[in-house]
Amino acid sequence: MAKSRRGRGGPESVTETVDGGLAELRPDRDRTRGWTLLIDGAPQSHVDLDDPACLDFSYQRRLGHAADLAGPAGKPLRAVHLGGGALTLARYVAATRPRSTQQVVEIDAPLVDLVRRQLPWDSGWRIRVRGGDARAGLAKIPDGWADLIIADVFGGARTPAHLTSTEFLTEVHRALRPGGFYAANLADGPPLRFLRGQIATAHTVFPELCLTADPAVLRGKRFGNAVLLAADRPLPVAELTRRAATDPQAGRVEHGRALLDFTGGAAPVTDATALASPAPPAAAFD
């Protein structure tokens with residue numbers, strides 16, 4: 001059962017137990033209909049019901065840049081979202097690219113129900129939400145169907161191991177049209193073993209890669225998010241670099257030889273060797 005806590009002169013905070021833990025929808029004091037979704041205290045998504053094109057979290061802005069550049073501006077896309085959260089990126093694509101067809105795979109059915117009730121989306125948007133495991137849902141996507149696949153899957157603030165391997169990325173590549181984009185939200189901290197391994201893994205499947213993150217994260221100074229973009233065609237690195245540099249929280253883009261050197265000889269991950277991403281430190285969300 002959902003519980004509400006009234007804010008000071010504003011909307012109520014809503015909490016509800018879901019499969020992934022205790023979900024909280026916390027009102028945004030700066031936006032009349034803005035909400036942040038937290039799971040067990042860890043921020044997951046931000047949504048502005050009045051402005052679905054608003055991307056408040058820096059990693060979501062970087063995923064948004066990938067969506068912006070996945071095809072001609074304003075033209076509809078066929079997109080797959082592995083991990084739903086509050087459907088922030090699906091809302092963004094629907095708002096910025098009308099008539100897009102999107103599939104969202106989210107394993108946490110009670111979370112989907114909570115978001116449907118409290119943060120409803122436009123019924124005219126072509127968004128289909130499927131329940132179940134992200135990799136099992138991906139297997140149901142026809143060959144070459146997607147222009148864009150976004151992976152943003154966390155269980156207990158960690159990316160599950162089976163979504164980090166060459167076998168998983170081979171399945172991603174199968175579902176993408178030639179030239180389609182794969183964008184993944186990855187989280188790691190010093191000494192960045194997980195992130196280095198993910199770049200090495202992606203490079204076994206996709207010839208073109210780039211990585212966008214806060215410079216402090218890339219230097220191994222703190223735990224944080226990095227967005228990996230991969231394709232089988234040259235990426236718009238110059239435009240991504242410009243956008244990252246002008247974001248409210250400026251990011252740095254690594255690509256080419258510098259990105260491969262960044263891996264430090266890390267071995268690609270397979271299903272047999274895969275591990276979940278590291279848990280964030282206790283103070284990461286203070």
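Strand S10 gives the largest share of the lining of the largest cavity, 4 residues, where strands (E, at least two residues) and helices (H or I, at least four) are DSSP runs numbered from the N terminus. The elements that give two or more residues to this lining are helix H5 (166–175) and strand S10 (176–188). In total 15 residues line the largest cavity, and Ala151, Leu163, Tyr182, Ala184 and Leu186 lie nearest its centre.

The model is predicted, so that local features need pLDDT of at least 70 and side-chain atom pairs count only at pLDDT 80 or more, while totals for chains, interfaces and linings use all residues. Residues are numbered from 1 along each chain as its sequence is written, and side-chain values use heavy atoms, with hydrogens and water left out.

A cavity is a set of points, on a 1 Å grid over the protein atoms alone, where a 1.4 Å probe fits but cannot get out, and lining residues have an atom within 4 Å of a point. Grid points are joined across faces, edges and corners, and a volume is the space filled by probe spheres set on the points. By this rule there are 2 cavities of 30 Å³ or more.

| Cavity | Volume |
|---|---|
| Largest cavity | about 140 Å³ |
| Second largest cavity | about 50 Å³ |

The second largest cavity is lined by Arg62, Ala66, Cys210, Thr212, Val227, Leu229 and Leu240, and helix H1 (58–68), strand S11 (208–213) and strand S12 (224–231) are the elements that give two or more residues to that lining.

Conventions: 1 Å grid on protein atoms, 1.4 Å probe; cavity = no way out; pocket = protein on both sides within 12 Å on 5 of 7 lines; lining within 4 Å.
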